[in-house]
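Subject: Handover of a structure, with notes

Hello,

Please find the structure below, for you to take over. My notes follow it.

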Amino acid sequence: MKTVWKNLWAKLPQLPRRWKVVRNLAAVLLLSALCLRLWGWPSLTPYGAFRRLEGEYLLTPSELVLRTGSGKYQAFLTEGENWVSVGRASQMSSYDDFRYKYDVRLHHVLPKAGLIVVALPVAAEDHAMVVAVKGVPKGAVSGELEVEMNKDGMWPESHAFHQLKSAETFTARAEKEENGWFFFHLEQHPLEEYCLLEGILNSMSVWGAVPEFPYRLTLLDEAGNEVERVEGTLPPDQRIQGWR
Amino acid sequence: MNDKKRSIWSWLDLATAGIRFKPDREAVRQELTDHLEDKIADFQRIFPDMTRAEAQDRAVSEMGDPMEVGRELARIHKPWLGYLWRVSRILVQVMVCVAIVGVPFRSNPVENLRSALWTPVQDAWERWENRAVSDVLYGDGQPDWDGERIALYSFGEKARLGHCTISVGRGALWQEGDGTSLYVELRLDYDRPWEAGKGVLFYFWAEDDLGNRYDYDRPGVGYRGEILEGIGWLAVNYRVDDVSPEAEWLKLHYMPGTDLDLTLDLTEVRP
């Protein structure tokens, strides 16, 4: 059989080496395109996957303001001309075709008008939950944020559910950044064995947005005087999902 | 005898030493060996008294200075093309393996084959069905639902949002049951074809001059027929239920924060 193939191959017109290289490279390009097409043009990076979802939902052009998490799970805060969006990309294995893809979600798309208070659903490097704030009154240069968290948004099966406190308030202070944003890092309790914040971040780690927890924001001017005190709830999850 | 043979080998070694790409070196060496053998045979045929050793000596001496021949051969046979060819062969082999192992045919071959064959048929059917729906909505077709067209529009409006052009072509106002529904041909053309996706169609909403809002999460705001899609575009018969017949215009918007503002004039009815 091998000889038959060899004979057949020998009968074909032989190309010069230069053209063989061209033919082979063309075949590689064609096969790569075929594979990528069959894999649905997978994204190479979490942020690339997130940008593609933003593009699909016409939220372009936008600029990355903050990224939390690393590796498989990352959350992004981006800013467009008139909107702010928060979402995530989680690398998942696809059982259909033995490859990894990104489960990408847009949790919040908020108009850039008035005060924006939004939490990123993946912990920062210091294991804290980051709440981003923008649109504060003029003169406010620092602030204190209190977020009342509870177990309502958690899965009962999640991390040490029954050992966690049912509700707890987390507080953080932040200064205004050059780009006008405040990033409040709500830190986990290092001395507690079971911290509610850790449980919430764990249960949000793959799918969910931070639940609609109530917050209280106190804004201060340079002299430390109170500029404004605002109460509200974190925005609802818009649950826009893609698979990239 | 052995010394003579060694002299041929050393001539061949010297002549081919400058060719750095091994397959080329071996091929050239084989070619030169064949040439030498031919020469030896020729000498022995022309001079029957000549011994093989003498014929070999003469053949080698006629081949010239091995160093000079080697320099010329090295100049002709550039190694980079050989290495590039070898790399390209390996790449083809790797890609063939990836295509065989990696493509979705491995997990469920029957389903994937069925899908590959069936999807184009299904697409063609949806296009035909959608054309039929469009014919009814804006043309002469007969509806198979309880409804009557009361106005026809030709909007021809376009707007840009993100990296996409949103256009609205024809439109029609229908009396369906107790309410009126507005249908418009909505089309999205993406500058970046890879960004096109159907999900976007669920986030359009509208408002009219009478102060009514038709939010995207409200029942009756959506589309009729199928979503048509091609490379970098989507098209749909976008539908808004319970539009007031007194409304003079309807503005099409997208998610809050985005600045799509497509105004559809409902006073200019097409005859």
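Two strands are said to pair if DSSP finds at least two bridges between them. Helices (H or I, at least four residues) and strands (E, at least two) are themselves DSSP runs, numbered from the N terminus. Two more points on reading these notes. This is a predicted model, in which local features need pLDDT of at least 70 and side-chain atom pairs count only at pLDDT 80 or more, while totals for chains, interfaces and linings use all residues. Residues are numbered from 1 along each chain as its sequence is written, and chains are lettered from A and ligands numbered from 1 in the order in which they are written.

Domains

The bounds come from an automatic or database domain assignment. For chain A the assignment gives domain 1 (12-41) and domain 2 (46-243). The centres of these two domains of chain A, taken over C-alpha atoms, are separated by 45 Å. For chain B it gives domain 1 (2-101) and domain 2 (131-265), and here 74 Å separate the two centres, again over C-alpha atoms.

Strands of chain A

Strand β1 (residues 63-70) of chain A runs antiparallel to β2(A), and seven bridges join them. Within that pair, Leu64(A) stands opposite Thr78(A) in β2(A). β1(A) and β2(A) form a hairpin with two residues between them. Gly71(A), in the turn, has a positive phi of about 65°.

A residue is called buried if 20 or more other C-beta atoms lie within 10 Å of its own, exposed if 12 or fewer, and partly exposed in between, with C-beta atoms placed from the backbone. Six of the seven residues of strand β2 (residues 73-79) of chain A are buried, so the strand is largely enclosed by the rest of the structure.

Chain A also has an open sheet of four strands in the order β8-β7-β10-β11, with antiparallel pairing. Its edge strands are β8 (167-175) and β11 (226-233) of chain A, each of which pairs on one side only. The twist averages 15° from one strand to the next. (Axes are lines fitted to C-alpha atoms, for helices over the stretch in contact, and angles run from 0 to 180 degrees between N-to-C directions.) Strand β10 (residues 214-220) of chain A pairs with β11(A) in the antiparallel sense over seven bridges, and Leu219(A) stands opposite Glu228(A) in β11(A).

Helix α4 of chain A

Seven of the nine residues of α4(A) are buried, so this helix is largely enclosed by the rest of the structure. The buried residues of α4(A) include Leu197(A), Gly199(A) and Met204(A). Their cover includes β6 (129-134), β7 (142-150), β8 and β9 (182-186) of chain A.

Leu196(A) is found in this helix, which spans residues 196-204 of chain A. Leu196(A) is buried because 23 other C-beta atoms lie within 10 Å. Two residues are in contact if their C-beta atoms, placed from the backbone, lie within 7 Å. Leaving aside neighbours within four places in sequence, Leu196(A) is in contact with Met149(A), Leu164(A), Lys165(A) and Glu168(A).

Ile200(A) is also placed in helix α4 of chain A. With 31 C-beta neighbours inside 10 Å, Ile200(A) counts as buried.

Chain B

Helix α2 (residues 22-46) and helix α3 (residues 52-62) of chain B have axes that come within 9 Å and cross at roughly 125°. That makes α2(B) oblique to α3(B); angles under 35 degrees count as roughly parallel, over 145 as roughly antiparallel, 65 to 115 as roughly perpendicular and the rest as oblique. Residues making the contact include Leu36(B), Ile40(B) and Phe43(B) of α2(B) and Ala55(B) and Ala59(B) of α3(B).

Chain B has an open sheet of four strands in the order β5-β4-β8-β9, and its pairing is antiparallel. β5 (213-214) and β9 (262-265) of chain B stand at the edges with a single partner strand each, so one side of each is left without a neighbour in the sheet. Strand β4 (residues 205-208) of chain B and β5(B) run antiparallel and are joined by two bridges. The bridge partner of Ala206(B) in β5(B) is Tyr214(B).

Between the chains

33 residues of chain A are in contact with 34 residues of chain B. On the chain A side, the elements that give two or more residues are α2 (17-38), α3 (46-56), β4 (99-111) and β12 (240-243). α2(A) provides the largest share of that side, 13 residues.

Regards
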